[in-house]
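Subject: Structure handover and notes

Hello,

Here is the structure for your files. My notes on it follow below.

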Amino acid sequence: MSAAIKAQRRPLSRLDRAIIALHGVVAVVFGIIGFLEADDPGWRDLQRFVIVMLVGLWVSGIVVVGVLARLVGNQGVRAVLLLAGPLLGIALLIGASTIG
């Protein structure tokens, strides 16, 4: 593959890294709170499994959006993608699973 065809990957700025770190911290905090609040008798294990799945989806979304953001040149568009991308991705996955 020639260098002219290959997409240029731009390094992440401080703002980009801060947004990614914020998503990571919020995902971990929600995961911990969810684990502590999962106390329904008989359903505790299922609740914790769903919490792990949702936090895993969120972290996967953070990684995917972080990789995609390196391909975007405009800083404003990149920030919006990083802020909204993981949550919109989860919403789209849940919506697609309920429709199909």
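Among contacts in the protein between residues at least 6 apart in sequence, what percentage join residues at least 24 apart? The figure is 67%. Please keep in mind throughout that this is a predicted model.

Overall layout

The protein has three helices and zero strands, and the order of the elements from the N terminus is α-α-α. The radius of gyration is 17 Å, well over the 13 Å that the globule rule gives for 100 residues, so the protein is more spread out than a compact globule. The C-alpha trace spans about 60 × 35 × 25 Å along its principal axes.

Burial, surface and charge

Of the 100 residues, 21% count as buried. The accessible surface comes to about 7,100 Å², and carbon and sulfur atoms account for 72% of that area. As for charge, there are 9 positive and 5 negative side chains. The centres of these two sets are 25 Å apart.

The nonpolar core

The largest nonpolar core has five residues in all: Ile19, Val65, Ala69, Ala79 and Leu82. Two elements give two or more residues to this core, namely α2 (44-69) and α3 (75-99). One of the core members, Ile19, touches Ala79, Leu82 and Leu83 when residues up to four places away in sequence are not counted.

Asp16 lies in helix α1. Its relative accessibility is 0%, so Asp16 counts as buried, the limit being under 20%. Leaving out residues up to four places away in sequence, Asp16 touches Gln75, Arg78 and Leu82. Leu82 also belongs to the largest nonpolar core and is touched by Ile19.

His23 is likewise in helix α1, which covers residues 14-37. With 8% relative accessibility, His23 counts as buried. Which residues is His23 in contact with, leaving aside its neighbours within four places in sequence? They are Trp58, Ile62, Leu82, Leu83, Pro86 and Leu87. Of these, Leu82 is part of the largest nonpolar core, and Leu83 is a residue that Ile19 touches.

Three pairs are listed here for checking against your own calculations.

- His23 and Val59 are 36 residues apart in sequence, with 8.1 Å between their C-alpha atoms.
- Val63 and Gly24 are 39 residues apart along the chain, and their C-alpha atoms are separated by 9.8 Å.
- Ile32 and Val52 are 20 residues apart in sequence, and the C-alpha to C-alpha distance is 9.8 Å.

Ile32 has its place in helix α1. Its relative accessible area is 49%, so Ile32 is partly exposed.

In short

The model is predicted and consists of three helices and zero strands. It is more spread out than a compact globule, and 21% of its residues count as buried.

Regards

Notes. Residues numbered from 1 in each chain as written. Predicted model: local features only at pLDDT ≥ 70, side-chain atom pairs only at ≥ 80, totals over all residues. Heavy atoms only, no water. Helix = DSSP H or I, 4+ residues; strand = E, 2+ residues; numbered from the N terminus. Rg over C-alpha atoms; globule rule 2.2 N^0.38 Å. Buried < 20%, exposed > 50% of the residue type's maximum accessible area, 1.4 Å probe, protein only. Contact = heavy atoms within 4.5 Å. Areas by Shrake-Rupley, 256 points an atom, 1.4 Å probe, with all protein chains shown as cover. Lys, Arg positive; Asp, Glu negative; His and termini not counted. Charge placed at Lys NZ, Arg CZ, Asp CG, Glu CD. Core = buried A, V, L, I, M, F, W, Y, C linked by side-chain atoms within 4.5 Å.
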